[in-house]
Each structure stands twice: as structure tokens, then as C-alpha cells.
Amino acid sequence: MAFTGSVDPKAYRALWRWHFYAGLIVAPFLLILAVTGSIYLFNDEIDDALYPAQRFVAVHATQVPPSRMIEAALKAHPGAATRIDLPGAPNRSAVVFVTPDHGEPLRVAVDPATGRVLGSTIYTRTLVGFADEMHGSLTLGTVGDRIVELAACWALVLIVTGVYLWWPRGRGGFGGILYPRLGARGRLFWRDLHAVIGVWSVAFIAFLLLTGLPWAGIQGDLLNRGTAALGIGYPASNRTHNAPASVPMKTALGEAPWTMELAPMPTSTASSEHAGHAGHEMTMAVRDDAAVAGIDRIANSVTRDHHVAGAYRLFLPSGPTGVYTAYTYPDQPQGQRTLYFDRWTGGLIREVGYPDYGWAAKAIELGVQLHMGNYFGIANQLVMLATCIAIVLLVISGVVMWWKRRPKGRLAAPVRVSPTRIKGAIAILILAGILFPILGMSVIVIFLIDRLVLLAAMKR
């Protein structure tokens with residue numbers, strides 16, 4: 001089959017130049033994201049294999065109260081408990097989150113049937129925890145988060161320019177387009193490999209990038225606030241609940257479902273005898289035996305009165321105005337529920353579930369679970385793994401192609417051409433810069449650098 005069409009060679013070189021720069025920026029970060037993402041796709045399987053004594057227990061029909069599990073964890077590791085994850089299967093352990101008096105935060109595994117401590121881990125020192133930190137922030141905190149976000153945005157530019165460069169124009173047959181030519185050698189082989197893997201995986205890679213951006217510091221915050229303001233994100237009926245006296249759920253608890261991250265935490269009504277420090281603004285965990293003692297009543301209410309079945313996370317209140325927070329985070333987001341309970345009365349303050357989310361939040365939560373390989377089980381994991389492998393091969397083949405054509409001692413960027421040849425592409429880039437602010441800022445910086453390099457070359 002023959003392909004027909006024509007292209008302005010200068011426009012082609014201009015897009016090739018942007019593709020080159022985009023690849024130069026994102027290649028190492030895409031490699032890191034692909035490898036760490038592949039690890040995190042199988043987080044449960046990896047932890048089960050590495051820590052079986054902490055993950056599995058003898059099948060049991062009954063379990064001790066959560067307060068006893070927490071007390072056992074604190075006896076083994078003195079400090080303050082902030083949360084307990086209750087298991088959804090009779091052969092699984094419970095996990096108590098402890099901020100010890102000395103050292104890093106611990107996740108303490110407890111046998112629900114006996115209250116016996118099975119062991120503990122420091123999350124960031126586990127393989128899955130390290131991969132998680134690297135994937136989200138390169139272990140560099142806010143700076144790393146911004147770098148990852150920038151790389152993801154530029155990867156979208158890489159995709160658009162790559163599809164343009166791949167598009168067949170006047171070529172006969174599918175060789176080098178839909179499948180690699182078997183007789184290709186040298187740079188042609190790597191070019192075919194790059195093009196063919198790219199075209200078969202481009203939709204999945206774009207999906208991973210777009211569903212990962214809601215977690216990004218700048219884009220995620222804008223998206224969360226924007227969807228909430230438009231009434232298609234966090235439920236409008238709850239948006240201002242206790243807002244002046246509270247903080248966002250993620251700030252208070254350290255984590256939350258995406259839709260709920262900026263949701264204002266409700267507060268407990270503290271009587272004069274309980275007055276003291278404000279609850280949700282506290283930055284350090286403080287041991288609260290009264291909160292631990294009261295958790296059994298909440299756990300009973302969650303399962304008996306509110307019919308929460310399966311695993312869920314239960315957070316202890318922080319301070320006299322803090323609340324008990326229980327939420328489910330199943331592989332299929334339709335089962336997400338968040339419940340807040342008054343720490344003194346045990347009464348339900350508010351419940352928010354997936355049916356309450358706006359359509360945009362529902363779509364994002366669905367995308368998040370697909371991104372993490374959760375929604376369709378092993379099939380979902382394998383598809384996302386194949387996409388990560390494709391990213392690794394694209395990075396390697398792209399670098400090899402560049403290295404083979406690069407004159408010794410030179411960067412070998414494609415020759416710069418007049419912007420008038422690519423007005424449409426520039427317009428698209430400007431629009432993308434508006435939609436993705438961190439991309440827009442970086443485009444300006446690169447444009448200025450490019451101009452300075454050109455001026456310096458003209459003065460030689």
C-alpha cells in the first residue's frame with residue numbers, strides 16, 4: 001500500500017527540533033517514571049513476597065478491638081498512633097501507623113485475631129515505598145514534584161511532535177511504519193523500532209501521562225479547584241462546610257482520595273473541658289489515649305451502622321476538635337466512601353461517596369485506578385506494564401538514534417528554521433502552555449535560551 005502526501009521540509013525540521021528538545025528534557029525522567037511505575041503496579045504482590053510474615057495471618061472469624069491492636073503497636077514502638085488500616089480478608093493483617101518517639105514513621109503489622117505485633121517497616125525504605133517516592137517526587141519533595149510534572153507535560157509535546165514526524169508521506173508499504181523492517185541495520189533499525197513502538201503505544205502513554213497529572217502539585221491543584229468551582233468535582237453541597245475553621249483533608253491526614261484532597265475537614269465540637277490546641281493544624285503527632293480508647297465505638301459504627309464492608313482506613317482525631325475519619329479506597333472507585341465522626345459523641349458528621357462526586361471527579365478517579373493498574377486486576381496491570389516497557393524502549397532507541405547521528409563533541413540539534421513556517425504548531429504550543437502552566441513557563445525559558453544561543457552563534 002502506498003501513502004501519499006507532502007510536507008514542507010522546513011516545517012518538518014522545525015517540529016523535529018522541538019521533538020529533539022522535548023526528548024532531551026524528558027528522557028531520563030521518563031525512564032525513572034517507567035521503571036518506578038512498573039514496580040508500583042505490583043505493589044501488593046511485591047510486599048506479599050518480601051514481607052509475608054507481616055502481610056498474612058491465620059484465617060480468623062473474629063478479631064480483637066482496634067484499640068487493642070493500636071495499644072499493642074504502641075507498646076512495641078512507643079510514640080503516637082495516627083491511623084489503622086483494617087483488613088478486608090480474614091487472612092490479612094491490620095496495619096497501625098505509628099510516629100515513634102524516636103526515628104522515622106513506622107507501619108506496624110498486627111494480627112487482628114490476637115493483637116500480636118508481627119513486625120514493622122519504614123515505608124520509604126521498602127522497595128515499593130522507594131518506587132512510590134521516586135515516581136511522585138524523585139525523593140526531592142516539592143522540587144521533585146515540579147520536575148516530574150514538567151517532564152510529564154513535555155512528554156505530551158514529545159507525543160504530538162512524534163506522531164507528526166511518524167505520519168507516512170509518500171511511503172510505500174507498512175515497513176518502518178507499523179512494523180520494523182527485518183533487514184534494517186544500524187540507525188535505520190533503531191529508527192524503525194522507535195517509530196513502530198511509538199505508534200502502537202502512543203494512546204496508552206498519553207493516557208498514563210494525562211491520568212498522572214491530577215497528582216501533580218500545580219496541575220493537580222488547578223484541576224481540583226477548577227472542577228470544584230464548576231460543580232463537576234468535589235460536591236458543591238459540602239464545599240464550604242466548616243471551611244473557615246478547617247484545613248483540606250490531605251493537609252490534615254497526609255493522604256486522601258484525589259477528589260477529597262482539598263475537601264475541608266469538619267471539626268468536632270469540643271466542650272470547655274476539652275478545649276485546647278486546634279486539631280487539624282497540628283504538625284506533629286501527639287499520643288492521645290482517649291482517641292485510641294474511643295476508636296472501637298467508631299469502628300463498630302462504620303461496619304454495623306454504615307455497612308462498610310471490606311478494607312478501610314481509619315484515622316484518629318488530631319486534637320480536641322479533630323474528627324475520626326474513615327474512608328474506603330477500593331480498586332474500583334465506585335465504592336469510595338468517606339465518613340467523618342465527632343470524636344466526643346461518636347456521631348456521624350458527614351459522609352461523601354462516589355455518587356456525590358461531579359462527573360469530572362468520577363472520570364478522574366476512574367483514570368487514577370486504571371493508571372495504577374487496579375481497576376481490571378491483572379489484565380490492567382499487564383497493559384500498564386507493557387506501556388511502561390514501551391516507554392523504556394522508546395527512550396533507549398531515541399538516545400541511540402541521536403548518538404549514532406551525533407558528530408563527535410556536538411549536541412547535534414536539528415537546524416533552527418523560521419517560526420513563520422510553523423505558525424499552527426506554535427499556536428498549539430501556546431494553547432498547551434495555557435492549559436499546562438508549568439509547560440508554558442518552560443517553553444518561554446527554552447525560547448529565550450534558543451535565542452541567546454542563536455545570537456551568540458551569529459556573533460562568532
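The axes of helix 6 (residues 141–166) and helix 8 (residues 217–229) come within 7 Å of each other and cross at roughly 80°. Axes here are lines fitted to C-alpha atoms, for helices over the stretch in contact, and angles run from 0 to 180 degrees between N-to-C directions. Helix 6 and helix 8 are therefore roughly perpendicular to each other, given that angles under 35 degrees count as roughly parallel, over 145 as roughly antiparallel, 65 to 115 as roughly perpendicular and the rest as oblique. Asp145, Arg146 and Glu149 of helix 6 make the contact with Gly217, Ile218 and Gln219 of helix 8, where contact means heavy atoms within 4.5 Å. By class, this contact of helix 6 with helix 8 has 1 nonpolar, 2 polar and 3 charged residues. In that classification Ala, Val, Leu, Ile, Met, Phe, Trp, Tyr, Cys and Pro count as nonpolar, Asp, Glu, Lys and Arg as charged, and the others, Gly among them, as polar.

The model is predicted: local features need pLDDT of at least 70, side-chain atom pairs count only at pLDDT 80 or more, and totals for chains, interfaces and linings use all residues. Residues are numbered from 1 along each chain as its sequence is written, and side-chain values use heavy atoms, with hydrogens and water left out.

The chain contains 14 helices and 8 strands; these are DSSP runs numbered from the N terminus, helices being H or I with at least four residues and strands E with at least two. Of its 460 residues, 47% count as buried, on a scale where buried means under 20% relative accessible area, exposed over 50% and partly exposed in between (1.4 Å probe, protein chains only). The accessible surface of the chain comes to about 22800 Å², of which 65% belongs to carbon and sulfur atoms; such areas come from the Shrake-Rupley method with a 1.4 Å probe, and for residues only the protein chains shown count as cover. Among contacts between residues at least 6 apart in sequence, 65% join residues at least 24 apart.

Leucine 213 touches Glu149, Ala152, Cys153, Leu156, Gln219, Gly220 and Phe436, residues up to four places away in sequence not being counted.

Helix 5 and helix 6 pack at an angle of about 65°, with their axes 6 Å apart. His135, Gly136 and Ser137 in helix 5 meet Gly141, Gly144, Asp145 and Val148 in helix 6, and the residues of this contact divide into 1 nonpolar, 5 polar and 1 charged. Serine 137, which lies in helix 5 (residues 127–137), is buried, with a relative accessible area of 11%. Beyond residues up to four places away in sequence, serine 137 touches Gly144, Asp145 and Val148.

Threonine 139 is placed in the loop between helix 5 and helix 6. Although it is not a glycine, threonine 139 has a positive phi of about 65°, and at 41% relative accessibility it counts as partly exposed. Histidine 307, likewise not a glycine, has a positive phi of about 55°. This histidine 307 lies in the loop between helix 10 (289–305) and strand 5 (312–315) and is exposed, with a relative accessible area of 62%.

Helix 10 itself packs with helix 4 (residues 66–76) at an angle of about 145°, with the axes 7 Å apart. The contact is formed by Pro66, Ser67, Ile70 and Glu71 of helix 4 and Val292, Ile295, Asp296 and Ala299 of helix 10. Its residues comprise 5 nonpolar, 1 polar and 2 charged.

Aspartate 47 is located in helix 2 (residues 43–50) and counts as buried at 13% relative accessibility. Aspartate 47 and leucine 127 are 80 residues apart in sequence and 8.3 Å apart in space, C-alpha to C-alpha. Not counting residues up to four places away in sequence, aspartate 47 touches Pro52, Arg55 and Val128.
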